Amino acid sequence: MNNPSQPVNRFFKLAVITGVASSVRLHIDRGDDLNARDDKGLTLLMIAAARNKAEICSLLLAADADTTLLDPAGRNALTIAKMAGALEACSCLLYTSPSPRDQRG
């Protein structure tokens, strides 16, 4: 698991949890760390995926959130979405995630 340079911005996390796209865009535009982790080791993309916030996933992905990061249990955002039954988030993540062939290098 990568260590973040700073903890996740709590207001950015709240915007992701509530699905307020305009607020998420504001944090992205401010340059807040997309890959920072909360106290449970989850990135914003993982949080959005778990809550089936497909629009927020799309915004984070468009801003280059890292899809390869793993939570403390070794799961990426796509796996978390699948486990949560978050179908819209899964579709969004599947469309933008690198294929296993791309990950081999």
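This is a predicted model: local features need pLDDT of at least 70, side-chain atom pairs count only at pLDDT 80 or more; totals for chains, interfaces and linings use all residues.
Figure 1. The sulfur of Cys57 is 5.2 Å from the closest cysteine sulfur, which belongs to Cys92. Because a disulfide requires two cysteine sulfur atoms within 2.5 Å, this separation is too far for a bond. Cys92 is likewise in no disulfide, its nearest cysteine sulfur being that of Cys57. The disulfide count is 0. Cys57 is buried, with a relative accessibility of 0%, and Cys92 is also classed as buried, at 11%.

**Figure 2. The largest nonpolar core and its most connected members.** This core comprises 30 residues, of which Val16, Val24, Leu45, Ile56, Leu60 and Leu93 touch the most other members. At least two core residues come from each of helix 1 (10-18), helix 2 (21-30), helix 3, helix 4, helix 5 and helix 6 (87-96). The greatest contribution is that of helix 3, which provides 6 residues. In soluble globular proteins, nonpolar side chains tend to be buried together.

**Figure 3. Surroundings of Val16.** When neighbours within four places in sequence are set aside, the contacts of Val16 are Val24, Leu44, Ile47, Ala48, Lys53 and Ile56. Val24 and Ile56 are, like Val16, among the core residues that touch the most other members.

**Figure 4. Asp38 and its polar contact with Lys13.** Asp38 is situated in the loop between helix 2 and helix 3. At a relative accessibility of 11%, Asp38 counts as buried. The side chains of Asp38 and Lys13 are joined by a polar contact of 3.0 Å. Residues up to four places away in sequence being excluded, Asp38 touches Val8, Lys13 and Ile47.

**Figure 5. Positive phi at Asn52.** Most residues other than glycine have a negative phi. Asn52, which is not a glycine, has a positive phi near 60 degrees. Asn52 is placed in the loop between helix 3 (44-50) and helix 4 (54-62). With 27% relative accessibility, Asn52 is partly exposed.

**Figure 6. Positive phi at Asp64.** Asp64, also a residue other than glycine, adopts a positive phi of about 80 degrees. The loop that holds Asp64 runs between helix 4 and helix 5 (77-84). Asp64 is exposed, its relative accessible area being 62%.

Definitions and conventions:
Residues are numbered from 1 along each chain as its sequence is written. Side-chain values use heavy atoms; hydrogens and water are left out. Helices (H or I, at least four residues) and strands (E, at least two) are DSSP runs, numbered from the N terminus. Buried means under 20% relative accessible area, exposed over 50%, partly exposed in between (1.4 Å probe, protein chains only). A nonpolar core is a set of buried Ala, Val, Leu, Ile, Met, Phe, Trp, Tyr and Cys residues joined through side-chain atoms within 4.5 Å. Contact means heavy atoms within 4.5 Å. A polar contact is a pair of N or O atoms within 3.5 Å; within protein, one must be able to donate a hydrogen and the other to accept it, and residues adjacent in sequence count only if both atoms are side-chain atoms.
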